[in-house]
Amino acid sequence: RSRLVVAVDGTSGSGKSSTCRGVADRLGLRYLDTGAQFRAMTWWLLHEGIDVHDPAAVAARCEEPDIASGTDPLEPTIHVDGTDVGLAIRSDEVNAAVSPVSAVPEVRRRLLALQRATIGDGGIVVEGRDIGSVVWPQAELKVYLTADPAARAQRRAAETGSIDISGTQDSLLARDQIDSGRATAPLTMADGAVHLDTTPYTLEEVVARLVALAEAVE
Ligand code: C5P
(Lines give C-alpha, C1' and ligand atoms only; values in the text may rest on other atoms or scores of the structure.)
Protein backbone atom coordinates (compact mmCIF):
# COMPACT_ATOMS: atom_id res chain seq x y z
CA ARG A 1 0.00 0.00 0.00
CA SER A 2 1.16 3.52 -0.79
CA ARG A 3 2.63 5.51 2.09
CA LEU A 4 2.05 8.77 0.31
CA VAL A 5 0.82 11.72 2.36
CA VAL A 6 -1.02 14.46 0.47
CA ALA A 7 -1.47 17.65 2.53
CA VAL A 8 -4.23 19.95 1.31
CA ASP A 9 -4.74 23.36 2.91
CA GLY A 10 -6.82 26.34 1.90
CA THR A 11 -9.58 28.75 2.68
CA SER A 12 -13.12 27.83 3.72
CA GLY A 13 -15.25 26.65 0.83
CA SER A 14 -12.42 26.32 -1.69
CA GLY A 15 -13.65 22.81 -2.54
CA LYS A 16 -11.11 21.05 -0.31
CA SER A 17 -13.36 18.31 1.04
CA SER A 18 -14.86 17.13 -2.25
CA THR A 19 -11.47 17.38 -3.91
CA CYS A 20 -9.64 15.44 -1.20
CA ARG A 21 -12.24 12.69 -1.07
CA GLY A 22 -12.08 12.31 -4.84
CA VAL A 23 -8.29 12.17 -4.84
CA ALA A 24 -8.16 9.65 -1.98
CA ASP A 25 -10.76 7.47 -3.70
CA ARG A 26 -8.91 7.55 -7.02
CA LEU A 27 -5.55 6.71 -5.41
CA GLY A 28 -6.82 4.14 -2.89
CA LEU A 29 -5.77 6.30 0.06
CA ARG A 30 -7.45 7.11 3.37
CA TYR A 31 -8.92 10.58 3.99
CA LEU A 32 -8.73 12.79 7.09
CA ASP A 33 -10.86 15.93 7.47
CA THR A 34 -9.15 17.88 10.28
CA GLY A 35 -11.74 20.66 10.00
CA ALA A 36 -14.34 18.11 11.14
CA GLN A 37 -12.24 17.49 14.26
CA PHE A 38 -12.14 21.21 15.14
CA ARG A 39 -15.88 21.32 14.46
CA ALA A 40 -16.45 18.28 16.68
CA MET A 41 -14.50 19.92 19.52
CA THR A 42 -16.58 23.09 19.04
CA TRP A 43 -19.84 21.13 18.99
CA TRP A 44 -18.91 19.43 22.28
CA LEU A 45 -17.93 22.72 23.98
CA LEU A 46 -21.26 24.29 22.94
CA HIS A 47 -23.13 21.17 24.07
CA GLU A 48 -21.42 21.44 27.48
CA GLY A 49 -22.42 25.10 27.76
CA ILE A 50 -18.82 26.34 27.77
CA ASP A 51 -18.20 29.94 26.67
CA VAL A 52 -16.37 29.41 23.37
CA HIS A 53 -15.13 33.00 23.40
CA ASP A 54 -13.27 32.43 26.68
CA PRO A 55 -9.93 30.81 25.70
CA ALA A 56 -9.15 29.84 29.32
CA ALA A 57 -12.48 28.05 29.69
CA VAL A 58 -11.95 26.25 26.37
CA ALA A 59 -8.38 25.29 27.28
CA ALA A 60 -9.50 23.93 30.66
CA ARG A 61 -11.95 21.43 29.12
CA CYS A 62 -10.55 20.54 25.69
CA GLU A 63 -8.87 17.32 26.82
CA GLU A 64 -12.20 15.78 27.79
CA PRO A 65 -14.10 14.77 24.64
CA ASP A 66 -13.14 11.61 22.79
CA ILE A 67 -13.01 12.60 19.10
CA ALA A 68 -12.78 9.84 16.49
CA SER A 69 -12.49 10.23 12.71
CA GLY A 70 -13.38 7.49 10.22
CA THR A 71 -11.05 7.71 7.21
CA ASP A 72 -12.97 6.03 4.38
CA PRO A 73 -13.07 8.70 1.62
CA LEU A 74 -16.48 7.49 0.41
CA GLU A 75 -17.99 7.62 3.89
CA PRO A 76 -15.96 9.77 6.28
CA THR A 77 -17.37 9.82 9.82
CA ILE A 78 -16.84 11.85 12.97
CA HIS A 79 -17.86 10.79 16.48
CA VAL A 80 -17.69 12.53 19.84
CA ASP A 81 -17.83 10.15 22.81
CA GLY A 82 -19.42 7.60 20.50
CA THR A 83 -22.11 9.93 19.12
CA ASP A 84 -22.20 10.50 15.35
CA VAL A 85 -21.98 14.30 14.95
CA GLY A 86 -21.51 14.36 11.16
CA LEU A 87 -24.57 16.55 10.64
CA ALA A 88 -24.49 18.54 13.89
CA ILE A 89 -21.00 19.93 13.19
CA ARG A 90 -22.28 21.76 10.07
CA SER A 91 -24.74 23.98 11.99
CA ASP A 92 -24.64 27.80 11.95
CA GLU A 93 -23.77 27.74 15.66
CA VAL A 94 -20.69 25.63 15.01
CA ASN A 95 -19.74 27.70 11.92
CA ALA A 96 -19.78 30.84 14.06
CA ALA A 97 -17.78 29.36 16.95
CA VAL A 98 -15.23 27.08 15.26
CA SER A 99 -12.60 29.68 14.34
CA PRO A 100 -12.30 31.18 17.84
CA VAL A 101 -12.09 27.67 19.31
CA SER A 102 -9.45 26.68 16.75
CA ALA A 103 -7.29 29.65 17.74
CA VAL A 104 -6.81 28.24 21.27
CA PRO A 105 -3.32 26.65 21.45
CA GLU A 106 -4.41 23.85 23.83
CA VAL A 107 -7.11 22.79 21.34
CA ARG A 108 -4.58 22.69 18.53
CA ARG A 109 -2.06 20.71 20.59
CA ARG A 110 -4.68 18.12 21.49
CA LEU A 111 -5.90 17.67 17.91
CA LEU A 112 -2.37 17.74 16.48
CA ALA A 113 -1.52 14.59 18.43
CA LEU A 114 -4.67 12.91 17.12
CA GLN A 115 -3.92 13.99 13.55
CA ARG A 116 -0.33 12.72 13.60
CA ALA A 117 -1.43 9.40 15.10
CA THR A 118 -4.04 8.98 12.35
CA ILE A 119 -1.57 9.80 9.59
CA GLY A 120 0.74 7.16 11.11
CA ASP A 121 2.82 5.63 8.35
CA GLY A 122 0.90 7.40 5.60
CA GLY A 123 -1.35 6.40 2.73
CA ILE A 124 -3.68 9.32 3.32
CA VAL A 125 -5.00 12.63 2.00
CA VAL A 126 -5.28 15.17 4.84
CA GLU A 127 -7.15 18.46 4.57
CA GLY A 128 -7.10 21.50 6.82
CA ARG A 129 -5.40 24.85 7.34
CA ASP A 130 -1.99 23.91 8.74
CA ILE A 131 -1.32 20.41 7.41
CA GLY A 132 1.61 21.30 5.13
CA SER A 133 3.00 23.91 7.52
CA VAL A 134 2.65 22.27 10.96
CA VAL A 135 0.95 18.87 11.07
CA TRP A 136 2.95 17.08 8.37
CA PRO A 137 5.53 19.36 6.73
CA GLN A 138 7.30 16.29 5.31
CA ALA A 139 4.27 15.42 3.10
CA GLU A 140 5.35 14.28 -0.36
CA LEU A 141 2.73 16.53 -1.94
CA LYS A 142 1.40 19.79 -0.51
CA VAL A 143 -1.42 21.69 -2.17
CA TYR A 144 -2.89 25.09 -1.35
CA LEU A 145 -6.41 25.53 -2.71
CA THR A 146 -8.16 28.88 -3.05
CA ALA A 147 -11.15 30.25 -4.96
CA ASP A 148 -12.95 33.55 -5.42
CA PRO A 149 -15.12 34.40 -2.39
CA ALA A 150 -18.27 34.54 -4.54
CA ALA A 151 -17.57 31.10 -6.01
CA ARG A 152 -16.88 29.70 -2.55
CA ALA A 153 -20.11 31.12 -1.14
CA GLN A 154 -22.09 29.67 -4.07
CA ARG A 155 -20.62 26.21 -3.51
CA ARG A 156 -21.05 26.25 0.26
CA ALA A 157 -24.65 27.49 -0.03
CA ALA A 158 -25.41 24.75 -2.56
CA GLU A 159 -23.95 22.17 -0.14
CA THR A 160 -25.94 23.35 2.84
CA GLY A 161 -29.12 24.21 0.93
CA SER A 162 -28.95 27.85 2.05
CA ILE A 163 -30.39 30.59 -0.15
CA ASP A 164 -28.50 33.30 1.75
CA ILE A 165 -25.43 33.60 -0.52
CA SER A 166 -24.21 36.92 0.86
CA GLY A 167 -24.62 35.75 4.46
CA THR A 168 -22.72 32.58 3.56
CA GLN A 169 -19.94 34.66 1.99
CA ASP A 170 -19.71 36.89 5.09
CA SER A 171 -19.41 33.83 7.31
CA LEU A 172 -16.68 32.28 5.11
CA LEU A 173 -14.68 35.52 5.01
CA ALA A 174 -15.00 36.02 8.76
CA ARG A 175 -13.58 32.54 9.34
CA ASP A 176 -10.74 33.13 6.84
CA GLN A 177 -9.78 36.30 8.64
CA ILE A 178 -9.57 34.65 12.06
CA ASP A 179 -7.85 31.54 10.62
CA SER A 180 -5.19 33.61 8.81
CA GLY A 181 -4.64 36.08 11.64
CA ARG A 182 -4.28 33.75 14.64
CA ALA A 183 -0.91 33.38 16.40
CA THR A 184 -0.78 29.56 16.49
CA ALA A 185 -0.61 27.70 13.15
CA PRO A 186 -2.35 30.32 10.99
CA LEU A 187 -3.67 29.47 7.56
CA THR A 188 -0.75 30.01 5.23
CA MET A 189 0.69 28.50 2.08
CA ALA A 190 3.33 25.98 3.24
CA ASP A 191 6.86 25.93 1.81
CA GLY A 192 6.87 23.82 -1.31
CA ALA A 193 3.09 23.83 -1.75
CA VAL A 194 1.47 23.91 -5.17
CA HIS A 195 -1.05 26.77 -5.33
CA LEU A 196 -4.21 26.07 -7.28
CA ASP A 197 -7.01 28.61 -7.70
CA THR A 198 -10.02 26.37 -8.35
CA THR A 199 -12.42 29.14 -9.46
CA PRO A 200 -12.41 28.31 -13.21
CA TYR A 201 -12.32 24.52 -12.82
CA THR A 202 -14.86 21.79 -12.21
CA LEU A 203 -14.40 19.40 -9.29
CA GLU A 204 -13.40 16.64 -11.72
CA GLU A 205 -10.69 18.86 -13.23
CA VAL A 206 -9.23 19.74 -9.85
CA VAL A 207 -9.25 16.07 -8.77
CA ALA A 208 -7.54 15.04 -12.01
CA ARG A 209 -4.87 17.71 -11.53
CA LEU A 210 -4.08 16.56 -7.98
CA VAL A 211 -4.07 12.88 -8.97
CA ALA A 212 -1.53 13.70 -11.70
CA LEU A 213 0.64 15.62 -9.21
CA ALA A 214 0.45 12.74 -6.72
CA GLU A 215 1.37 10.16 -9.36
CA ALA A 216 4.34 12.29 -10.34
CA VAL A 217 5.82 12.26 -6.82
CA GLU A 218 5.27 8.57 -6.10
O1 C5P B 1 -12.41 22.89 6.86
P2 C5P B 1 -13.54 23.48 7.65
O3 C5P B 1 -14.11 24.70 7.04
O4 C5P B 1 -14.56 22.47 8.04
O5 C5P B 1 -12.84 23.93 9.02
C6 C5P B 1 -13.57 24.59 10.02
C7 C5P B 1 -12.65 25.45 10.85
O8 C5P B 1 -11.73 24.64 11.59
C9 C5P B 1 -11.76 26.42 10.09
O10 C5P B 1 -12.43 27.63 9.77
C11 C5P B 1 -10.62 26.65 11.07
O12 C5P B 1 -10.98 27.62 12.05
C13 C5P B 1 -10.50 25.32 11.77
N14 C5P B 1 -9.41 24.49 11.26
C15 C5P B 1 -8.12 24.75 11.70
N16 C5P B 1 -7.09 23.96 11.31
C17 C5P B 1 -7.29 22.90 10.49
C18 C5P B 1 -8.59 22.64 10.00
C19 C5P B 1 -9.63 23.46 10.39
O20 C5P B 1 -7.91 25.71 12.43
N21 C5P B 1 -6.26 22.12 10.16
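Leu145 is buried, with 22 other C-beta atoms within 10 Å. A residue is buried if 20 or more other C-beta atoms lie within 10 Å of its own, exposed if 12 or fewer, and partly exposed in between, with C-beta atoms placed from the backbone. Leu145 sits in strand 7 (residues 141-146). Strands (E, at least two residues) and helices (H or I, at least four) are DSSP runs, numbered from the N terminus. From Leu145 to Thr42 the C-alpha distance is 24 Å, across 103 residues of sequence.

**Model and overall shape**

This is a predicted model: local features need pLDDT of at least 70, side-chain atom pairs count only at pLDDT 80 or more, and totals for chains, interfaces and linings use all residues. Residues are numbered from 1 along each chain as its sequence is written. pLDDT is the predictor's confidence in each residue, from 0 to 100. The protein has a mean pLDDT of 95, and 100% of its residues reach 70 or more. The model scores are ipTM 0.98 and pTM 0.95.

The protein has 9 helices and 8 strands. Its radius of gyration is 16 Å, close to the 17 Å that the globule rule gives for 218 residues, so the protein is as compact as a globular protein of that length. The radius is taken over C-alpha atoms, and the rule is 2.2 Å times the number of residues to the power 0.38. Along the principal axes, the C-alpha trace spans about 50 × 40 × 30 Å. Of the 218 residues, 43% count as buried.

**Strands**

Two strands pair if DSSP finds at least two bridges between them. The table lists two such pairs.

Strand 2 (residues 30-33) is covered on both faces. Arg30 and Leu32 are buried on one side, Tyr31 and Asp33 on the other.

An open sheet of 3 strands runs in the order 3-4-5, with antiparallel pairing. Strand 3 (67-70) and strand 5 (83-84) stand at its edges, each with a single partner strand, so one side of each is left without a neighbour in the sheet.

**Ligand shell**

The shell around the ligand holds 13 residues. A residue is near a molecule if its C-beta atom, placed from the backbone, lies within 6 Å of it. Gly35, Phe38, Ser102, Gly128 and Arg129 come nearest. Helix 2 (34-47), helix 4 (92-102) and helix 8 (165-181) each supply at least two shell residues. Helix 2 gives the largest share, 4 residues.

By class, the shell divides into 2 nonpolar, 6 polar and 5 charged residues. Ala, Val, Leu, Ile, Met, Phe, Trp, Tyr, Cys and Pro count as nonpolar, Asp, Glu, Lys and Arg as charged, and the others, Gly among them, as polar.

**Record annotations**

The unreviewed UniProt entry places "domain: Cytidylate kinase" at residues 6-214. The end C-alpha atoms of that span lie 8 Å apart, and the span is 50% helix and 16% strand. UniProt also places a "binding site" feature (unreviewed entry) at residues including Gly10, Ser14 and Lys16. UniProt positions follow the numbering used here, feature names are shortened, and annotations may be inferred rather than shown by experiment.

Ser14 lies in the loop between strand 1 (5-10) and helix 1 (16-27). Ser14 counts as buried, with 27 C-beta neighbours inside 10 Å.
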